[in-house]
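Me: I've got a structure open and would like to learn how to read its features one at a time. Can we work through it together?

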Amino acid sequence: MKELMSGNEAIARGAYEHGITFASAYPGTPSTEIMDAFAKYDGVYAEWSPNEKVALEVGIGAALGGARALVVMKHVGVNVAADPLFTVSYTGIEGGLVIISADDPTMHSSQNEQDNRNYARSAKIPMLEPSDSSEAKEFIKIAFRISEEFDTPVFLRSTTRVSHSKSVVELEEPEAREEKRGTRYDPSKYVMVPAMARPRRIEVEKRMDKLLKFAETFSENRIEINDTKVGIITAGMPYNYSKDAFPDYSYLKLGMVHPLPRGLIREFASKVEKIYVVEELDPFIEEQVKAMGIEVVGKEVFPYTGEFDPGIVETAITGNHTGEYDPSIVETDITSNGGVGTDLPTLALPSRPPNLCPGCPHRGLFYVLGKLNVFVTGDIGCYTLSFMKPLKGMGSCICMGASIGMAHGMDKVIEEKGKVVGVLGDSTFIHSGITPLLNMVYNKSNAVVVICDNSTTAMTGMQEHPATGFTLQGEVTKKLDFVKLAEVLGIENVRVVDPFDIKNTRSVIKEELSREGPSLVISKAPCALLAVKQKAIGRTPLTIDPDKCTGCRACLGLGCPPISWKKLEDMDIKIEKKTKKQDGIAIIDSSFCNGCTLCQQLCSSGAIGEVVGDE
Amino acid sequence: MNESVKSVLLVGVGGQGIIRASDILSAVMMKAGFDVKKSEVHGMAQRGGCVSSHVRFGRKVYSPMAKEGDVDILVSFEKLETLRYLKSLKTCGKVIINNEEVYPPSVNLGEAEYPSDAIDFIKKYFKDVKVVDAIAMALRSGDKRMVNTVILGVLSSYLDIKTSVWENVLEESFPPKILKGNIEAFRLGRGV
């Protein structure tokens, strides 16, 4: 049966068809839907671990226990998991271990666009890279076969376009696959103290040698000979962009990007006149081919940053390039990709950045923080959006959990006390905030930490975590209590606030800033989308009385999507000016309003009230 | 260039049902016997940002995204977003526009103007431009949220696919409770 599937759904399906029954992960765009889909298959165990390092360790444990284990994360998640990663490469596995790294060229939803093919090379782990959903489903199976045959963890690298594109997949029946589950005592292989690690280190090189030979005959590394004037070496999604732009050229399509098949590359080079290497991000293949003494064209004409598309590939190959590094080809943006359409004048259009939802609990908290004279170290989550105007509630965002360590470090070097607040979400805090919070207690910090606890992992689409009370597969479980945890860590000042109460939130944070020692404020209210899902809101939408609004713009300071500004001159009805300076009024699109009352709390003229009747 | 491949680009604002619409369009094209690929960006889009979804179909489709200037039909759920993606169209490309305005934050704050002459501007450069009041039609079918189904109906009249194929896919896409309204919304759109 044929089905349209995203790359992520296809990876989950492939794992299921291959009889995989164990998976662990931490959510992160563009990888999240792999677990969302896998967890729904019959007879599988799937868990959200608190972070990627734990997820990988869980996977390693399962593999050592004889299961075939799948571990899923986004590209920056591999940074978190890098510690166990480099050493599990030495030990190898028992059952089978495949790690998905979902990279995000263009940073659609990430803080950087690191190229994780580099991890495969430095950790000495083979890496496969599918180019569409059909290959994604097949390659996950191949990855497990390689893992077992060569006693190695295997990477499967996806990118946003592979993960989130849909294409036609032929479904197959799942195969039951035997596993020899149980414990094995083999310290020479699994206790990586120096004496044991040194011989294992040699095994790694032997393995890479075998994998090099395997790569030469691996059927997914394939040469397609056509017009021999130009040959293209490529892998993953860029293969499709290239085939779209240049269907008649010859191709070396690499299904495995590490290790590279050197003999096959030489063979291809001998058959074509000029070679281009088409790859997004780093010149990973290009540099290795050049090091073999083969002349190829790569980053001289292709951008270093951002994802490609057929237009970018076409322009790079047919365009007039000097061969020198050209900064103008470095920039790519989503609406301009170098093709030739209608010659339109450039329009200055208002941008449409993502925004916090109407009724989002983060809005009240960051409204307060933005108005306080403090530096807010932020973190990764929906709330990162609050750095923008008009809230301006955040001054930094580096990586998951960084807010707390940074707040502490900044507090230590700034003379004036009570100037730093670290803010992060509930899932982010669990991911990597507990250790730095303990550090604040141990090293006598004066900073304030705020956990914006919206009871879900909102950014990636409502995943459960250890403080929601449910597992990935919907079982009821223990629920982490942030207040108790803080007390145990030794924090004496723990406060819980309702971020929809602006006045109280402000006074509590100010009190805690003036206090000696570390404070933890838990800003607690469910995500607006979660509340809708659980039908937990019984709020009435609000509206503004144009005859009472004085045009003070206080409500606009919330940056709430339903609230907009209307100039008096553009009004259909005549509005009496309440002040000499008044030039407009605020209006609320009530059909869109969630009734959270933040704007009502800020309105000093009492102009905002509940919608009455069918307004 | 792969001439036999056709490209439809659906654009708008998070929450307008664009991803759902492009899923349905893709399923219809697959049922009609084409190879299909579609691509969009998830994640931040839920939170009010721009959404764009490419659907490409033909005998064999490689890239899930069309290059700039290679889109056959631009289906826009929001006026301003039409302007943003106009460059993606072929010179002879067709435009379907839902006559709705969703203000971005800078317009809400009174810092930027919402373009007032978008439709005239588009008509100056493209011959085949259809503006539809999809919200009104969706409301006639019973729910504002069926805007995407109305627009699919409009789009369907540009593609040579039997109504029965579309309606089959609609039946598979919606629960019985809201199916009738969606079929009605689709037919209203197709009749435009």
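Me: Let's start with burial: is Tyr239(A) buried or exposed?

Reply: The general idea is a percentage: buried means under 20% relative accessible area, exposed means over 50%, and partly exposed is in between, using a 1.4 Å probe and protein chains only. Here Tyr239(A) has 4% relative accessibility, so Tyr239(A) counts as buried. Before we go on, this is a predicted model: local features need pLDDT of at least 70 and side-chain atom pairs count only at pLDDT 80 or more, while totals for chains, interfaces and linings use all residues. Residues are numbered from 1 along each chain as its sequence is written, chains are lettered from A and ligands numbered from 1 in the order in which they are written, and side-chain values use heavy atoms, leaving out hydrogens and water.

Me: Which aromatic pair does Tyr239(A) form?

Reply: Rings of Phe, Tyr and Trp (its six-membered ring) pair if their centres lie within 6.5 Å; planes under 30 degrees apart count as stacked, over 60 as edge-to-face and the rest as tilted. Over all chains, a search of the whole structure finds 15 aromatic pairs. One of them is stacked: Tyr16(A) with Tyr41(A), 4.1 Å centre to centre and 10 degrees between the planes. That pair links distant parts of the chain, 25 residues apart, with Tyr16(A) in helix α1 (residues 7-17) and Tyr41(A) in the loop between α2 (32-38) and β3 (45-48) of chain A. Both Tyr16(A) and Tyr41(A) are buried. Your residue, Tyr239(A), forms an edge-to-face pair with Tyr62(B), at 6.1 Å centre to centre and 85 degrees between the planes. This one crosses between chains, from helix α11 (residues 237-245) of chain A to the loop between β3 (50-58) and β4 (71-76) of chain B. With 16% relative accessibility, Tyr62(B) counts as buried too.

Me: Where do those helix and strand labels come from?

Reply: They're DSSP runs, numbered from the N terminus: helices are H or I with at least four residues, strands are E with at least two.

Me: Where does a charge sit over a ring?

Reply: The test is NZ of Lys or CZ of Arg within 6 Å of the ring centre and within 35 degrees of the ring normal. Take Arg539(A): its charged end sits over the ring of Phe500(A), 4.5 Å from the centre. Arg553(A) lies over the face of Trp565(A), 3.9 Å from the ring centre.

Me: How do the axes of α5(A) and α10(A) cross?

Reply: Axes are lines fitted to C-alpha atoms, for helices over the stretch in contact, and angles run from 0 to 180 degrees between N-to-C directions. Under 35 degrees counts as roughly parallel, over 145 as roughly antiparallel, 65 to 115 as roughly perpendicular and the rest as oblique. The axes of α5 (residues 82-91) and α10 (residues 194-217) of chain A come within 7 Å and cross at roughly 80 degrees, so α5(A) and α10(A) are roughly perpendicular to each other. Contact means heavy atoms within 4.5 Å. On the α5(A) side it is made by Ser89(A), Tyr90(A) and Thr91(A), and on the α10(A) side by residues including Arg200(A) and Val204(A).

Me: What is Thr342(A) in contact with, apart from its neighbours within four places in sequence?

Reply: Its partners are in chain B: Leu89(B), Lys90(B), Thr91(B), Tyr125(B) and Phe126(B). Thr342(A) is in the loop between α14 (310-318) and α15 (361-371) of chain A, and counts as buried because its relative accessibility is 16%.
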